[in-house]
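Work through these exercises with the structure open beside you. Try each task before you read its solution.

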Amino acid sequence: MIANPDYKYMSLQEYLEWEERQEFKYEYLNGEVYAMTGGTIPHNDIAVNLITALKNQLRGSRCRVNMADAKVCVSEEGPCYYPDIVVSCDERDRQATKFLRYPSLIIEVLSPSTEAYDRGGKFTQYRRIQTLSEYVLIDAEKVSVECFRLNDRGFWELHPYETGDEVEFASIDFCFPVSLVYEDVQFPN
């Protein structure tokens, strides 16, 4: 994320109206907007692999899967983010056109420039979403999938997956080999 140099505090409604007129996507946090930067080819390939598998898995279900152009707003005041992949099975999101509010699964493919924020501040905000039960971080430079899953005691547990493992997204009852995530992905040297 890159801060907007023409900073002016905006309400969530002002942000939503302003962003519609912009050439680029912006995330919204505490009245400020941040330009979204592009990802790498491995980042894109990982997202495409997962979105394809998820779309096939969820076809005909009450769940909808969206990718990087779908905005998620944590609350009526924000913040709003563009996760790489988001799945909502909540009826309240079925007719959404501007943003989703009730996801069950959010997936971020990590970039060196945003990894710390994805693990920290962004995850802190996402945990405020009452319907969210899984948050997944995927490394684009090596085989590593980290699934944070909300347990029945209200605590987030880490379920790490590496080469040869079977990944489970319990929120949508989907299991698959970790190799599916990294199919045809070329890591940087």
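The link between C73 and C80 is right-handed, with 105° about the S-S bond. Keep in mind that this is a predicted model. The first exercise starts from this link.

**Exercise 1. The disulfides**

Task: Find how many disulfides the whole structure holds, and work out how the bonded cysteines pair in sequence order.

Solution. 
Step 1. Recall the bond itself. A disulfide is a covalent bond between the sulfur atoms of two cysteines.
Step 2. Search the whole structure. Two disulfides turn up.
Step 3. Take C73 and C80. Their sulfur atoms are 2.1 Å apart, and a disulfide joins them. Both cysteines, C73 and C80, are buried.
Step 4. Take C63 and C89. Here the S to S distance is 1.9 Å, and the two form a disulfide. The pair links distant parts of the chain, 26 residues apart. C63 lies in the loop between helix 2 and strand 4, while C89 lies in the loop between strand 7 and strand 8.
Step 5. The C63 and C89 link is right-handed, with 105° about the S-S bond. C63 is buried, and C89 is buried too.
Step 6. Number the bonded cysteines along the sequence. The pairing reads 1-4, 2-3.

**Exercise 2. Strand 10 and its neighbours**

Task: Which strands pair with strand 10, and in what sense?

Solution. 
Step 1. Locate strand 10 at residues 145-150. Five of its six residues are buried.
Step 2. Look at strand 9, residues 134-139. Strand 9 pairs with strand 10 in the antiparallel sense, over five bridges. E134 stands opposite R149 of strand 10. A hairpin of five residues joins strand 9 to strand 10.
Step 3. Look at strand 11, residues 156-161. Strand 10 and strand 11 pair over six bridges, also in the antiparallel sense. V145 has Y161 of strand 11 as its bridge partner.
Step 4. Inspect the hairpin between strand 10 and strand 11. It has five residues between the strands, and G154 takes a positive phi near 85° there.

**Exercise 3. A glutamate in strand 10**

Task: Is E146 buried or exposed, and what does its side chain contact?

Solution. 
Step 1. E146 is found in strand 10.
Step 2. Compare its value with the cut-off. Buried means under 20% relative accessible area. E146 has 14%, so E146 is buried.
Step 3. Find the polar contact. The side chains of E146 and R119 make one at 2.6 Å.
Step 4. List touching residues. Among them are Y135, L137, L158 and H159.

**Exercise 4. Helix 2 and its ends**

Task: Describe the span of helix 2 and what lies at its ends.

Solution. 
Step 1. Take the span. Helix 2 has 18 residues and reaches 25 Å from its first C-alpha to its last, close to the 26 Å expected.
Step 2. Look at the start. A side-chain oxygen of T40 comes within 3.1 Å of the backbone nitrogen of H43.
Step 3. Look just after the helix. G60 takes a positive phi of about 80°.
Step 4. Pick out buried residues of helix 2. They include I46, L50 and L54.

**Exercise 5. Aromatic rings**

Task: What is the geometry of the pair formed by F169 and F176?

Solution. 
Step 1. Count the aromatic pairs. There are eleven.
Step 2. Take F169 and F176. Their centres are 5.1 Å apart, with 75° between the planes, and the pair is edge-to-face.
Step 3. Check burial. F169 is buried, at 1% relative accessible area. F176 counts as buried at 2%.
Step 4. Find the cluster. Y81, Y117, F123, Y126, Y135, F148 and W156 form one aromatic cluster.

Key:
Residues numbered from 1 in each chain as written. Predicted model: local features only at pLDDT ≥ 70, side-chain atom pairs only at ≥ 80, totals over all residues. Heavy atoms only, no water. Buried < 20%, exposed > 50% of the residue type's maximum accessible area, 1.4 Å probe, protein only. Helix = DSSP H or I, 4+ residues; strand = E, 2+ residues; numbered from the N terminus. Pairing = 2+ DSSP bridges. Disulfide = S-S within 2.5 Å. Expected span 1.5 Å × (residues − 1). Polar contact = N/O pair within 3.5 Å; in protein donor to acceptor, adjacent residues only side chain to side chain. Contact = heavy atoms within 4.5 Å. Phe/Tyr/Trp six-rings, centres within 6.5 Å; stacked < 30°, edge-to-face > 60°. Lists of a residue's contacts leave out its neighbours within four places in sequence.
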